[in-house]
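Here are my notes for your first look at this model. Keep the structure open as you read.

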Amino acid sequence: MTELRSFWEDPAVAVVLRSTETSPFGRKVRMALIALGLDARIRLEPADTLAETDGLRLQNPLGKMPCLLIGEEAFFDSHVILEMLDALTGGGRLMPREGPERFRVLTRARLADGITDAALLVTYEGRFRGPDQASERWLAHQKGKMTRALAAFENDLPDPARAELVQITLAAALGYLNWRRPLAWQDAHPKLDKWLQEFARNHPCWTRTERKQE
């Protein structure tokens, strides 16, 4: 742990987050950085996942963001980065250190990530295929994932007073749904909609990571 903290805190080592203000997984990392008080150490550098000339493809061979650069070393994906941030603050801030509860938290965070994954696939279907090429079966499959996951959270909400792994991941997912609107979800999940509003009121990391209006 001491070695990791020294690596992070060395002022001679640049710490860069390759992401954008609109990336839901990037927002998840940025919210965690703010919640943990680590954001002052980070420089945000935009990335273009579709540009062959963008260095992101060298930093992360998958060409995906967010990608955290500490000096010349790259760390990805968002969950790995949040595990690192939690360790930097001593562990137990974002997720339990051990035991069954740790794996329950990791599972629920993955469920929230799955909402974002499905929403991104619906968005990409509309972006990269013409109206006559889109697969309605594929879109229904992805929307089914989102609907079932949202229902699971509607029935078992995390504490909105806390900014931990599940809450941050879920808030980032819902924020993306509100922006891209791959499906209408608020009316069918009123408790979850209210939860997001309460989370936003409780945690400055939500407001500080909202995308700038164009």
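Predicted model: local features only at pLDDT ≥ 70, side-chain atom pairs only at ≥ 80, totals over all residues.

1. Now look at the core. The largest nonpolar core holds 56 residues. Leu-177 is among those with the most contacts inside it, along with Trp-8, Leu-68, Leu-85, Ile-115, Leu-174 and Phe-199. Helix α7, residues 165–180, gives the most to this core: 10 residues. There is also a second, separate core of 5 residues. It includes Val-16, Leu-56, Cys-67 and Leu-69.

2. Next, the helix pair. Two packed helices are described by the angle between their axes and the distance between the axes. The axes of α6 (residues 136–154) and α7 come within 13 Å. They cross at roughly 135 degrees. That makes α6 oblique to α7. The crossing is left-handed.

3. What makes the contact between these helices? From α6 come Met-146, Leu-150 and Phe-153. From α7 come Val-166, Leu-170, Leu-174 and Leu-177. The contact has 7 nonpolar residues, no polar and no charged ones. In soluble globular proteins, nonpolar side chains tend to be buried together.

4. Finally, check Lys-28. Is Lys-28 buried or exposed? Its relative accessible area is 1%, so Lys-28 counts as buried. Lys-28 sits in helix α2, residues 24–35. Leaving out residues up to four places away in sequence, Lys-28 touches Ser-78, His-79, Leu-82, Asp-113, Ile-168, Thr-169 and Ala-172.

How values were computed
Residues numbered from 1 in each chain as written. Heavy atoms only, no water. Helix = DSSP H or I, 4+ residues; strand = E, 2+ residues; numbered from the N terminus. Buried < 20%, exposed > 50% of the residue type's maximum accessible area, 1.4 Å probe, protein only. Contact = heavy atoms within 4.5 Å. Core = buried A, V, L, I, M, F, W, Y, C linked by side-chain atoms within 4.5 Å. Axes fitted to C-alpha atoms, helices over the stretch in contact; angles between N-to-C directions. Parallel < 35°, antiparallel > 145°, perpendicular 65-115°, else oblique. Left-handed = near helix turned anticlockwise from the far one by under 90°. Nonpolar A, V, L, I, M, F, W, Y, C, P; charged D, E, K, R; others polar.
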